[in-house]
Amino acid sequence: MTNNKQIPLSVPNLSLDILENVKETIETGWVSTGGRFITEFEEKIAKYVGVERTVSCQSGTAGLHLALRVLGIESRDEVIVPTLTFIAAVNPVKYMGAEPIFMDCDDTLNMDMDKLEEFLENECDYIDEKVINKSTKRQIKAIVIVHVFGNPANMERLMEVKEKYNLKVIEDSTEALGSYYLEGKYAGKYCGTIGDIGVYSFNANKIITTGGGGMVVSNNKELLDKVSFLGVQAKTDSLYFVHDEIGYNYRMTNIQAAFGTDQIDRLEGFIETKIKNYNLYKEAIEDIEGLTLLSFRADTRANHWFYSVIVDKEKYGMDRDELLRMLNDENIQTRPLWRLIHKQKPYLESQSYRIDMGEYYEKNLMNVPCSSNLSEEEVGVVVNKLKDYKI
Ligand SMILES: *Cc1c(COP(=O)(O)O)cnc(C)c1O
């Protein structure tokens, strides 16, 4: 163990300017789920990603839960999800009493579109515009797509599948705020704004943060109205407290939004730094045999949220776990990929389809420091270690 200052994996990049906003919430007493910062933050995000309106909420997870609910996912329905992602993308399916079906990833880390189509084609029946899973006889109603590490998924393919099979698409864009497409049908469109509903997260490790928080976007006004309604306990009459449905306490607070209005103004700057640091890593890692820095999709402007290094044990001389341990011992915080969700205890009984690429990445992928306040010198420290350790 050395006494070097820690180089963290991903930490918030906050400005003391936020104090002005927080001071205002205290002075005015608007600290809860109403107040001008909420409206302002919602409007700023809407403008940034190019949609008419957004609805803020407590967390990305809450946003995903609301999305499934307003899209009509019910108990006994099935939802196609990726296995390679953070478990919060899938848990809301279970909150609804529905069942996930796990899909593999391709070399972009996002859901493998070939396998997805193959599954729908071969393992399902299409009856009365409904997709019925042959093995369970249950209806598949939706697909949750995740733009993993901010790398835009192939939405063009996915939306074709959606049309063909009449499925709903929920874009888990919790990692991908600021990523957009440069070419093709969706050129100029931001991740999160293409499917039926998109969700962003402002958790502390995300590209911008409100401490904790989320935002739901959609081009369907009715769906957003419903999200907004259910997020505040489904109050039909606010004077007499009439409730005709079961709602949730999922609204964002004005204090969270007070962070958000400042953070969103700085997002483009954060992305610039992330891209700059990514390129520094790339240049250095290209010269280290046995290590590969995964690229982001070429026809997109990805937000470069997290950087992924693949460790080839034969060529590098040690495996991913050994390398992780050595870096962490030197106070360089690195982490392995998530445990694949279909292998997590709550999901062992769930269906999964031909997963093998996910296994490869789970074993060999490592995330390296990528904060938006990471300095050039710090990148240098990390890559020097990566060079030194090679056997
Ligand atoms: C962070 C994250 C979430 C959950 O967002 P929270 O705001 O932390 O609830 C969901 N899905 C993915 C892929 C995430 O990375």
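1. Helix α3 (residues 60-70) contributes three residues to the shell around the ligand, the most of any element; helices are DSSP runs of H or I with at least four residues, numbered from the N terminus. The model is predicted, with pLDDT of at least 70 required for local features and 80 or more for side-chain atom pairs, while totals for chains, interfaces and linings use all residues. Numbering runs from 1 along each chain as its sequence is written, and side-chain values use heavy atoms, without hydrogens and water.

2. The shell holds 16 residues, with Thr-61, Asp-172, Glu-175, Ser-201 and Lys-206 nearest the ligand (a residue is near if one of its heavy atoms lies within 4 Å). By class, the shell has five nonpolar, eight polar and three charged residues.

3. Polar side-chain atoms lie 2.5 Å from a ligand oxygen for Thr-61, 2.7 Å for Ser-201 and 3.5 Å for Asn-203. The protein covers 93% of the 380 Å² of accessible area that the ligand has on its own (Shrake-Rupley method, 1.4 Å probe).

4. The ligand sits in the largest pocket, meaning that more than half of its atoms lie within 2 Å of the grid points. A pocket is an open set of points on a 1 Å grid over the protein atoms alone, where a 1.4 Å probe fits, with protein on both sides within 12 Å along at least five of seven lines; lining residues have an atom within 4 Å of a point.

5. Lining this pocket are 16 residues, with Thr-61, Phe-86, Ala-88, Ser-201 and Lys-206 nearest its centre. Here too α3 supplies the largest share, three residues.

Notes
A polar contact is a pair of N or O atoms within 3.5 Å; within protein, one must be able to donate a hydrogen and the other to accept it, and residues adjacent in sequence count only if both atoms are side-chain atoms. Helices (H or I, at least four residues) and strands (E, at least two) are DSSP runs, numbered from the N terminus. Ala, Val, Leu, Ile, Met, Phe, Trp, Tyr, Cys and Pro count as nonpolar, Asp, Glu, Lys and Arg as charged, and the others, Gly among them, as polar.
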